[in-house]
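Please keep the sequence and the structure at hand while reading.

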Amino acid sequence: MRHLLILLSLGVLLSCGPSRRQGAVARGGDTLRMHYATLLTIVRHQHFTQVSISDPWKQGAILKRYVLVPKAEGALPQGLPDGVVVRTPVERSIVFTTAHCQLLWWLGVQRAVSGVCDLKYIHIPELQEAVRQGRIADCGNGMSPMTEKIIAMKPEALLISPFENSGGHGGLDKLDIPIIETADYMERSALGRAEWMRFYGLLYGRERQADSLFRVVASEYQRLRRKARSLPRGLSVLTERMTGNVWYCAGGRSTVGQLVADAGGRYVFADDAHSGSVPLPFEQVLARGGQAEVWTFKFDADHPITRADLLAEYHGYSGLAAYRTGEVYGCNCKKKHYFEEVSFRPDWLLRDAVQLLHPGVNLGGLRYYERIR
């Protein structure tokens with residue numbers, strides 16, 4: 001459920017000044033080349049930057065347009081194009097997602113995090129300590145945040161998520177706060193998602209730092225990808241486990257599916273056309289992934305779990321070949337910073353995947369996963 005909540009609360013709303021300006025479509029400008037991200041278009045003009053986000057659920061449609069105007073410009077320039085206006089750099093923001101909190105820490109703008117939602121899911125020691133000291137506010141549950149508290153804080157940005165058929169962002173849509181939809185989790189490649197850090201760098205005045213970090217991530221990711229290609233074909237893999245009565249499987253076109261392919265492995269749902277998670281009954285998972293050679297999943301617990309614990313949780317797991325052979329690997333997200341890191345450091349996750357799917361390959365040990373015994 002933690003994974004689902006994070007997916008449902010991944011994104012950004014921003015505000016400063018009027019929420020929308022109507023004007024002519026801006027002509028010219030320099031388009032920033034996006035190497036992997038497919039949903040972002042960024043065009044720099046002399047006094048502002050245009051950002052367009054493609055709708056990941058409606059081909060050819062635009063989810064939202066933005067006009068980023070540096071605060072150094074003073075008053076808003078005349079004749080701005082249509083779009084939500086955001087004054088940059090953002091210096092006060094409330095963040096609903098652990099991944100974006102970690103990114104802002106990496107970019108050195110942690111002071112711009114004024115408040116957070118879903119605090120219990122954010123495993124960043126420095127942030128937790130700042131909340132205890134009152135320097136960062138706890139704004140409650142991400143699905144029902146403390147709206148009055150948020151208004152009183154006068155933030156310039158709220159980081160939240162768009163998702164299909166959501167109907168908006170609840171009461172936050174009614175506030176005089178422009179909404180920026182951050183759909184990075186809907187990118188089809190891990191590097192595509194990570195490249196959104198360049199957008200966040202623009203928002204927070206850390207463009208150089210974001211570009212530099214992304215170059216490191218992309219270079220290391222591609223190095224590992226080439227390494228995987230030089231190895232014999234990797235093992236087949238099934239991911240995640242039962243949640244209630246369903247198994248949420250990452251679609252074949254998701255970042256998970258692409259990452260397995262980049263690791264040289266065989267994802268059991270590789271031919272699925274979805275880019276998000278797909279809820280399936282166990283019977284369908286067993287039919288497609290019952291013979292997978294490796295089974296990986298994430299969990300959140302104060303103590304390690306065993307194969308016996310898994311079987312007590314759901315007896316059907318005994319039908320999985322990987323369970324019977326002991327090739328089961330879990331990531332305890334309460335102990336490992338998986339959700340904090342992998343969105344913008346997919347190279348670290350790829351290193352784990354290459355080692356898991358190519359027995360005998362050691363690239364320095366596993367960062368996130370451990371064998372469940």
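The sections below describe selected features of this predicted model.

## Cysteines

The structure holds zero disulfides. A pair of cysteine sulfur atoms would have to lie within 2.5 Å to count as one. For cysteine 117, the closest cysteine sulfur belongs to cysteine 139 and is 5.2 Å away, which is too far for a bond. Cysteine 333 is likewise in no disulfide, its nearest cysteine sulfur being that of cysteine 331, at 4.1 Å.

Cysteine 117 is buried, with 0% relative accessibility. Cysteine 333 is also buried, with a relative accessible area of 1%.

## Helix H13 and helix H7

Helix H7 spans residues 207-229, and its axis lies 8 Å from that of H13, at an angle of about 15°. Because of that angle, H7 is roughly parallel to H13. The crossing of these two helices, H7 and H13, is left-handed.

On the H7 side, the contact is made by Val217, Glu220, Tyr221, Leu224, Arg225 and Ala228. These residues meet Pro346, Asp347, Leu350, Arg351 and Val354 of H13. By class, the contact of H7 with H13 has seven nonpolar, no polar and four charged residues.

## Helix H13 and helix H8

Helix H8 (residues 255-262) also packs on helix H13 (residues 346-357), with axes that come within 9 Å and cross at roughly 55°. H8 and H13 are therefore oblique to each other. H8 passes H13 in a right-handed crossing.

From H8, the residues in contact are Leu259, Val260 and Asp262. Their partners in H13 are Pro346, Leu349, Leu350, Ala353 and Leu357. The contact of H8 with H13 divides into seven nonpolar, no polar and one charged residues.

## Backbone geometry in loops

The peptide bond between threonine 88 and proline 89 is cis, with omega near 0°. Proline 89 sits in the loop between strand S6 (84-88) and strand S7 (93-95).

Aspartate 118 is not a glycine, yet has a positive phi of about 55°. Aspartate 118 belongs to the loop between strand S8 (113-116) and helix H3 (125-132), and counts as buried at 11% relative accessibility. Glutamate 240, also not a glycine, has a positive phi of about 65°. The loop that holds glutamate 240 runs between strand S13 (236-239) and strand S14 (242-243). Glutamate 240 is buried, at 15% relative accessibility.

Note on methods. Residues are numbered from 1 along each chain as its sequence is written. This is a predicted model: local features need pLDDT of at least 70, side-chain atom pairs count only at pLDDT 80 or more; totals for chains, interfaces and linings use all residues. Side-chain values use heavy atoms; hydrogens and water are left out. Buried means under 20% relative accessible area, exposed over 50%, partly exposed in between (1.4 Å probe, protein chains only). Axes are lines fitted to C-alpha atoms, for helices over the stretch in contact, and angles run from 0 to 180 degrees between N-to-C directions. Helices (H or I, at least four residues) and strands (E, at least two) are DSSP runs, numbered from the N terminus. Angles under 35 degrees count as roughly parallel, over 145 as roughly antiparallel, 65 to 115 as roughly perpendicular and the rest as oblique. A crossing is left-handed if the near helix is turned anticlockwise from the far one by less than a right angle, and right-handed if clockwise. Contact means heavy atoms within 4.5 Å. Ala, Val, Leu, Ile, Met, Phe, Trp, Tyr, Cys and Pro count as nonpolar, Asp, Glu, Lys and Arg as charged, and the others, Gly among them, as polar.
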